[in-house]
Amino acid sequence: MSIRVLNHPVDGDVDHKAAIGEAVDPDGPIHDRRITRGDVPDEWIEPVFEAENFIIEGPASVEIVDRSGQQIQMDAVADSLDRYLESTREPGIISTRHDDVPVGVPVWEWTTDNGIHYETTVDDEEFTLVANLGNETTKSKMARVRCLSGDYGGYSVTVYSNQEHRRNDGTRVTVDCDLHAVTLGHESQVMNPEADFDVVDYKHGGVLEAAVRRRLRRRNSLAGRIEEQLTD
């Protein structure tokens with residue numbers, strides 16, 4: 001079975017006929033892709049490298065027709081939620097850009113040291129998700145950096161649609177599903193434009209290291225629209 005390297009493009013000059021198990025010695029400069037403290041602003045050192053927990057929260061899915069013409073009924077999400085959070089053999093993951101490589105885990109609830117409570121819930125219109133991003137791999141550290149910078153600001157839900165029906169306008173409505181992953185990406189690129197999140201807490205050694213950090217763009221606020229005009 002071949003190994004797919006996620007961040008390495010295929011080179012047309014590579015010899016693909018090397019014997020299986022043959023060691024290949026590097027004969028050129030090594031490109032180090034690991035993220036280091038020198039790669040991030042000083043104020044982000046603790047949340048990216050040292051915080052044991054890095055909590056994000058927001059609507060992961062809203063019962064509207066997304067950009068692909070699909071609508072997921074919230075009852076279907078609610079029925080799959082226990083499996084997504086609690087399965088020991090097929091756990092749901094938090095990923096980035098639909099790579100399906102884990103960078104964190106979904107959690108049922110989180111309370112900050114100053115008493116703000118966040119909870120994963122599903123109601124008639126919205127699936128709100130709390131997630132905890134790791135810092136043990138380069139990919140998870142980069143996810144933290146991109147959440148802090150605002151490059152990642154939207155959730156996108158990956159489900160297997162077990163049952164669906166089509167409306168006369170062509171919309172596909174999922175009425176039963178398995179929830180496998182919630183991925184992070186730029187808010188302009190996720191399928192459901194109402195699905196966004198904020199960084200709400202990060203802790204180091206069990207002590208709150210920062211107050212709640214809110215992105216100005218959240219949920220089309222007036223401040224967010226002004227900021228967007230200024231940065232375009």
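This report walks through strands, salt bridges and a surface patch in a predicted model.

Residues are numbered from 1 along each chain as its sequence is written, and side-chain values use heavy atoms, with hydrogens and water left out. Because the model is predicted, local features need pLDDT of at least 70 and side-chain atom pairs count only at pLDDT 80 or more, while totals for chains, interfaces and linings use all residues.

Start with strand E8, residues 126–133. Helices (H or I, at least four residues) and strands (E, at least two) are DSSP runs, numbered from the N terminus. E8 is mostly covered, with 7 of its 8 residues buried. Buried means under 20% relative accessible area, exposed means over 50%, and partly exposed lies in between (1.4 Å probe, protein chains only).

Several strands pair with E8. Two strands count as paired if DSSP finds at least two bridges between them. Strand E1, residues 53–62, runs antiparallel to E8 and is joined to it by 7 bridges. Within that pairing, Glu57 has Val130 of E8 as its bridge partner. Strand E4, residues 104–107, is also antiparallel to E8, with 4 bridges. Here Val105 stands opposite Asn132 of E8.

E7 pairs with E8 too, in the antiparallel sense, over 2 bridges. Val122 stands opposite Phe127 in E8. E7 and E8 form a hairpin with 3 residues between them.

Is Ala131 buried or exposed? Ala131 belongs to strand E8. It counts as buried because its relative accessibility is 0%. Ala131 and Trp110 are 21 residues apart in sequence, and their C-alpha atoms are 8.9 Å apart in space.

## Strand E3

On strand E3, Ile93 and Ser95 point one way, Ile94 and Thr96 point the other way, and all are buried. E3 runs parallel to E10, and 4 bridges join the two. Ile94 stands opposite Val182 in E10.

The loop between strand E9 (154–166) and strand E10 (172–185) holds Gly170. Gly170 counts as partly exposed because its relative accessible area is 35%. Gly170 and Gln70 are 100 residues apart in sequence, yet 9.0 Å apart in space, C-alpha to C-alpha.

## Salt bridges

How many salt bridges does a search of the whole structure find? The search finds 6. A salt bridge is a side-chain nitrogen of Lys or Arg within 4 Å of a carboxyl oxygen of Asp or Glu. The table lists some of them.

| Pair | N to O distance |
|---|---|
| Arg37 and Glu50 | 3.3 Å |
| Asp99 and Lys139 | 2.9 Å |
| Arg146 and Asp151 | 3.6 Å |

Take the salt bridge between Arg37 and Glu50. It links distant parts of the chain: Arg37 sits in the segment before helix H1 (45–50), Glu50 sits in helix H1, and they are 13 residues apart. Arg37 is partly exposed, with a relative accessible area of 44%. Glu50 counts as partly exposed at 27% relative accessibility.

Next comes the salt bridge of Asp99 with Lys139. This pair also links distant parts of the chain, 40 residues apart: Asp99 is in the loop between strand E3 (93–96) and E4, and Lys139 is in helix H3 (residues 138–149). Asp99 is partly exposed at 27% relative accessibility. Lys139 is partly exposed as well, with a relative accessible area of 26%.

Salt bridges that share partners join Arg97, Arg146 and Asp151 into one network. Arg146 is partly exposed, with a relative accessible area of 26%. Asp151 counts as partly exposed at 28% relative accessibility.

## A negative patch

Which residues form the negative surface patch? They are Asp75, Asp79, Asp123, Asp124 and Glu125. Patches are made of residues with over 30% relative accessible area and no salt bridge; like charges are joined within 9 Å, and nonpolar side chains (Val, Leu, Ile, Met, Phe, Trp, Tyr) within 5 Å.

Glu125 belongs to the loop between strand E7 (121–122) and strand E8 (126–133). Glu125 counts as exposed because its relative accessible area is 58%.

Technical notes. Areas by Shrake-Rupley, 256 points an atom, 1.4 Å probe, with all protein chains shown as cover. Lys, Arg positive; Asp, Glu negative; His and termini not counted. Charge placed at Lys NZ, Arg CZ, Asp CG, Glu CD.
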